[in-house]
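Work through the following exercises with the sequence and the coordinates open beside you. Each task is followed by a solution that goes step by step.

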Amino acid sequence: MSTKPQLADVLADAIKGEIATVHTSLPGRVVDYDQVNQTATVQLGVQFSRRGLDGERIPYTPAPLSGVPILWPTGGGGAYSDTWPLEKGDEVWVHFAERSIDEWVMSDASVVTPASVRRFNLSDAVATPAQSSRKSPLPGAAVADARVIRGDEIRLGSASASDYVALASLVKAELDALWNAFNSHTHLVQVAPPPALPTLSAPPAVSGVASSVSSLKVKSE
């Protein structure tokens, strides 16, 4: 004997179905990164599920999201930014916009009007590079009194920066070495004897007196 569904049950199922299409944010990993356009293909790190014919939930892995804009820290009219390379497998946190952002990402306008009425859709994803898994915490992240920036090469000012920045401790060591070498350096200076004095009539003539020091050391301090 079949049971006629109640209105409350029908409404509850409809609400659940709508909520299932509302996406907010999820972790993911980079599949590939377009450095020129600063977009990535991202594989979400959490499976979705759908109900089978028997009502049982069936987990599945969603397709990778392509063309996802990467959100880099920037400001000052674009004069200030902080970027770094992204590689396959890097973690990102993926956000899904409340409205369609197709027009926004392709425009410099202050306000745009979305052509699509979709909301919280997988098509409107952006991603922030960030490690959310805690199996391998970032080294140095526990430092409480400093900002830690790690990398094989760090460029300040622009992407084309090429002149190296000297470390204060190494510069001081080099200056100390030069200073010590300068202080300990000595060299000989030849000093000529004074010229002969003229002959006097009285008292008896005195011939020139040769210096008892033929050379002396000059030392600067």
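## Exercises on salt bridges, surface and confidence

**Exercise 1.** Examine the charged pair formed by Glu153 and Arg155, in which the closest N and O atoms of the salt bridge are 2.7 Å apart, and classify the exposure of Arg155.

*Solution.* This is a predicted model, and a salt bridge requires a side-chain nitrogen of Lys or Arg within 4 Å of a carboxyl oxygen of Asp or Glu. The separation of 2.7 Å between Glu153 and Arg155 meets that rule. Arg155 has a relative accessibility of 47%, and therefore it counts as partly exposed.

**Exercise 2.** Determine how many salt bridges the rule gives, and describe the one between Glu98 and Arg119.

*Solution.* The count comes to six salt bridges. In one of them, the side chains of Glu98 and Arg119 meet with an N to O distance of 3.0 Å. This pair links distant parts of the chain, since Glu98 lies in the loop between β8 (91-96) and α2 (102-105), while Arg119 lies in the loop between α2 and β9, 21 residues apart. Glu98 is partly exposed because its relative accessibility is 44%, and Arg119 is partly exposed as well, with a relative accessible area of 42%.

**Exercise 3.** Find which residues are linked with Asp124 in a network of salt bridges, and decide whether Asp124 is buried or exposed.

*Solution.* The network links Asp102, Arg118 and Asp124. Within it, the closest N and O atoms of Asp124 and Arg118 are 2.8 Å apart. Asp124 has a relative accessible area of 0%, so it is buried.

**Exercise 4.** Identify the residues that make the nonpolar surface patch of about 430 Å², and then examine how far α3 is covered.

*Solution.* The patch is made by Ile149, Ile154, Leu156 and Val165. Leu156 lies in the loop between β9 (125-129) and α3 (168-184), and because its relative accessibility is 64%, Leu156 counts as exposed. As for α3, the count of buried residues among its 17 residues is zero, and the helix is hardly covered. From its first C-alpha to its last, α3 reaches 24 Å, close to the 24 Å expected at 1.5 Å a residue.

**Exercise 5.** Judge the predictor's confidence over the protein chain and over residues 203-221.

*Solution.* The mean pLDDT of the protein chain is 83, and 85% of its residues reach 70 or more. Over residues 203-221, however, pLDDT stays under 50, and the model has 22 contacts beyond four places in sequence for this stretch.

Definitions and conventions: Residues numbered from 1 in each chain as written. Predicted model: local features only at pLDDT ≥ 70, side-chain atom pairs only at ≥ 80, totals over all residues. Heavy atoms only, no water. Patch = residues over 30% accessible without salt bridge, like charges linked within 9 Å, V, L, I, M, F, W, Y side chains within 5 Å. Areas by Shrake-Rupley, 256 points an atom, 1.4 Å probe, with all protein chains shown as cover. Helix = DSSP H or I, 4+ residues; strand = E, 2+ residues; numbered from the N terminus. Buried < 20%, exposed > 50% of the residue type's maximum accessible area, 1.4 Å probe, protein only. Expected span 1.5 Å × (residues − 1). pLDDT = per-residue confidence, 0-100. Contact = heavy atoms within 4.5 Å.
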